[in-house]
Amino acid sequence: MEVIVLFLLVGIILGLASFAVLLVCVYYTSKVPNKKRLQLNFVDPKTDKEYPFPDIHEAAEVELSVVIPAYNESKRLPPCLAEMIPYLESQSYSYEIIIVDDGSKDSTVDLALTYTMKYGTDKFRVMKLPENRGKGGAIRQGVLSARGDEILFADADGATDIRDLGKVKAALSSLKENRNSACISIGSRAHLQDDAVANRSFFRNILMWGFHMFVSVVGGIDNIKDTQCGFKLFTRTAAVQIFSQLNIERWAFDVEIFVIAKYLGIPTVEVAVNWEEIDGSKLVPIYSWMEMAKDLLMIRLRYLIGAWTVETQKTK
């Protein structure tokens, strides 16, 4: 009799715990921001006129779009662009750079507009978000307004050597069956260590290894060694399918990219890149990793219970 009562108590406790997890999951799901693309304009500082950003569902107009999220990046952005722009100018393909200001409180927007003045709106555009949405939210808005046949998002600190874009593009091309193929090529600091240069601090390495293990176990992403490198290249078709369905807007958005790609069967290749830690990161080590861990758990639970679903989409 006592054994039966004990089993009943254990069952009740487990049931209540499961119910509590579901309640937490539903609660957090209800707080997910609106995923719609914002109808925003870019400014031509030469004429002071505003023009609407295009929609990613429209036909591509340039060969490469580079989306750079920026939050209070007035100091780190100039060195990044000082390397990126000359490199892109030396290439044979057409390009655009989109700086997505994520509610900066410094002079990031004014600084970015000086580049628009110099290079013109066909090559350089500034998107100013009405409020801070987080890195993932800023990138998503930029990608959904990009004109490129291929779309790269890169960090504003320029930590990844832009000259490695050539081999990242080559790897993407190797996956393509045709122009409309959905493929992803990402820079990686975690695998092929003989080829990659990753000058990270010891503390950051410890946190990174722990996070990668959590991504594999909880997030269910075991085929990607470095999910967090801010240097990811997408075909336009892949960008449409993934970013129109992305839910997470903070640090863990990278992981959800691969969750969606896995659901859709989008092939992904990792390419070893040269990377160096740059001072001024907005990531607060312990707090940010805890936030990411929470988001990873929520990602897994929401997809498991069907609160979030993935639909196959095609460009128009």
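**Figure 1. Buried residues of helix α5.** Helix α5 (residues 165-175) has Leu165, Val168, Lys169, Ala171 and Leu172 as its buried residues; buried means under 20% relative accessible area, with a 1.4 Å probe and protein chains only. Because they cover an arc of only 160 degrees around the axis, they lie on the same side of α5; the arc is that of the directions from the helix axis to the C-beta atoms. These buried residues pack against β3, α2 (77-89), β6, β7, β9 (231-235) and β10, where contact means heavy atoms within 4.5 Å. Helices (H or I, at least four residues) and strands (E, at least two) are DSSP runs, numbered from the N terminus. The model is predicted: local features need pLDDT of at least 70, side-chain atom pairs count only at pLDDT 80 or more, and totals for chains, interfaces and linings use all residues. Residues are numbered from 1 along each chain as its sequence is written, and side-chain values use heavy atoms, with hydrogens and water left out.

**Figure 2. The open sheet.** Seven strands form an open sheet in the order β5-β4-β3-β6-β9-β7-β10, and their pairing is mixed; two strands pair if DSSP finds at least two bridges between them. At the edges are β5 (124-128) and β10 (268-272), each of which pairs on one side only. On average, neighbouring strands are turned by 20 degrees against each other, direction ignored. Strand β3 (residues 62-70) pairs with β6 in the parallel sense over five bridges, and valine 62 stands opposite glycine 148 in β6. Helix α3 (residues 108-119) packs on the sheet and touches β3, β4 and β5; the direction of α3 makes about 155 degrees with that of β5. Axes are lines fitted to C-alpha atoms, for helices over the stretch in contact, and angles run from 0 to 180 degrees between N-to-C directions.

**Figure 3. The largest nonpolar core.** A nonpolar core is a set of buried Ala, Val, Leu, Ile, Met, Phe, Trp, Tyr and Cys residues joined through side-chain atoms within 4.5 Å. The largest one has 45 residues, and among those that touch the most other members are Val143, Phe153 and Phe234. Elements giving two or more residues to this core include β4 (95-101), α4 (135-143) and α9 (285-305). Helix α8 gives the most, with seven residues. Leaving aside neighbours within four places in sequence, phenylalanine 234 is in contact with residues including Asp149, Leu172, Cys183 and Ile257.

**Figure 4. The crossing of α7 and α8.** The axes of these two helices come within 10 Å and cross at roughly 110 degrees. Helices α7 and α8 are therefore roughly perpendicular, a term for angles of 65 to 115 degrees. Gln241, Ile242 and Phe243 of α7 meet Ile257, Ile260, Ala261 and Leu264 of α8 in this contact.

Technical notes
Buried means under 20% relative accessible area, exposed over 50%, partly exposed in between (1.4 Å probe, protein chains only). Angles under 35 degrees count as roughly parallel, over 145 as roughly antiparallel, 65 to 115 as roughly perpendicular and the rest as oblique.
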